Amino acid sequence: MNKRKDFQKYMEICEALAEIAAEKGNAPVGSIILKGNQIIARAEEAGHSKQDVTCHAEIEVIRKARKTIGVDMSGFTLVSNKEPCVMCGYAIRFHKISTVVYKEKVSHLGSVSSSMKVLSSTEVPDNWSKAPEIIQIKF
């Protein structure tokens with residue numbers, strides 16, 4: 001499997017969402033949730049425009065997906081053009097998302113690259129699933 005090629009079209013969607021977010025004065029981040037090859041939900045960063053720090057693209061897309069999927073997103077993939085932060089990593093783990101694909105690391109508080117590795121930690125509540133597969137794709 002060529003993961004770079006498999007996720008390229010989804011990353012392009014995330015980049016387009018990121019451009020929309022930036023045009024609205026938000027950080028340039030876009031995210032989608034997939035079940036197999038089907039897009040379940042898509043969202044853009046909205047923290048500035050909604051004046052709510054919790055409105056990161058990853059959390060916004062989880063909120064949208066929950067309306068049809070529910071809390072347990074086992075078997076689903078979250079794709080984002082940026083590495084999820086610690087807050088988003090917590091939400092990803094809580095919802096049991098199986099795979100996380102991202103393009104660029106973030107400079108602070110990344111849930112993969114910082115000292116607070118929420119996406120890979122084994123020190124989580126018993127009701128959480130195992131750590132998701134984490135894929136960083138560079139194009």
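Author: K130 is found in the loop between strand 4 (99-104) and strand 5; helices (H or I, at least four residues) and strands (E, at least two) are DSSP runs, numbered from the N terminus. With a relative accessible area of 73%, K130 is exposed; the classes are buried under 20%, exposed over 50% and partly exposed in between, with a 1.4 Å probe and protein chains only. The C-alpha atoms of K130 and C85 are separated by 18 Å, and the two residues are 45 residues apart along the chain.

Two remarks on the basis of these values are in order. The model is predicted, so local features need pLDDT of at least 70 and side-chain atom pairs count only at pLDDT 80 or more, whereas totals for chains, interfaces and linings use all residues. Residues are numbered from 1 along each chain as its sequence is written, and side-chain values use heavy atoms, with hydrogens and water left out.

Five strands form an open sheet in the order 2-1-3-4-5, with mixed pairing; two strands pair if DSSP finds at least two bridges between them. Strand 2 and strand 5 (133-136) stand at the edges with a single partner strand each, so one side of each has no neighbour in the sheet. On average, and with direction ignored, neighbouring strands of this sheet are turned by 15° against each other; axes are lines fitted to C-alpha atoms, for helices over the stretch in contact, and angles run from 0 to 180 degrees between N-to-C directions. Helix 2 packs on the sheet and touches strand 1, strand 2 and strand 3, while its direction makes about 140° with that of strand 2; contact here means heavy atoms within 4.5 Å.

Strand 1 deserves attention within this arrangement. Five of its six residues are buried, so strand 1 is largely enclosed by the rest of the structure. Strand 1 pairs with strand 2 in the antiparallel sense over six bridges, and K35 stands opposite Q38 in strand 2. The hairpin of these two strands has two residues between them, and G36 takes a positive phi near 65° there. Strand 1 also pairs with strand 3 (residues 77-82), again in the antiparallel sense, over four bridges. In that pairing I32 stands opposite V79, and L34 stands opposite T77.

The nonpolar interior comes next. A nonpolar core is a set of buried Ala, Val, Leu, Ile, Met, Phe, Trp, Tyr and Cys residues joined through side-chain atoms within 4.5 Å. The largest such core has 17 residues, of which I33, V61, I62, M73, L78, I92 and I97 touch the most other members. Strand 2 (38-44), helix 2 (57-69) and helix 3 (86-94) each supply at least two residues of this core, and helix 2 gives the largest share, four residues. Not counting residues up to four places away in sequence, I92 touches I62, L78, P84, I97, V100 and L119. Another core, of eleven residues, lies apart from the largest one, and F7, Y10, C14 and I137 are among its members.

Charged pairs complete the picture. The whole structure contains five salt bridges, each being a side-chain nitrogen of Lys or Arg within 4 Å of a carboxyl oxygen of Asp or Glu. One of them joins the side chains of K24 and E44 (2.8 Å, N to O). Because K24 lies in the loop between helix 1 (3-23) and strand 1 (30-35), and E44 in strand 2, the pair ties together parts 20 residues apart in sequence. K24 is partly exposed at 47% relative accessibility, whereas E44 is buried at 18%.

Helix 2 takes part in charged pairing as well. K50 and E60 form a salt bridge whose closest N and O atoms are 2.7 Å apart; K50 is in the loop between strand 2 and helix 2 and E60 in helix 2, ten residues apart, and the pair links distant parts of the chain. E60 counts as buried, at 10% relative accessibility. The side chain of E60 also meets that of R63 in a salt bridge (2.7 Å, N to O). Both E60 and R63 lie in helix 2, three residues apart, about one turn of the helix, and R63 is partly exposed with a relative accessible area of 38%. Through shared partners, salt bridges join K50, E60 and R63 into one network.
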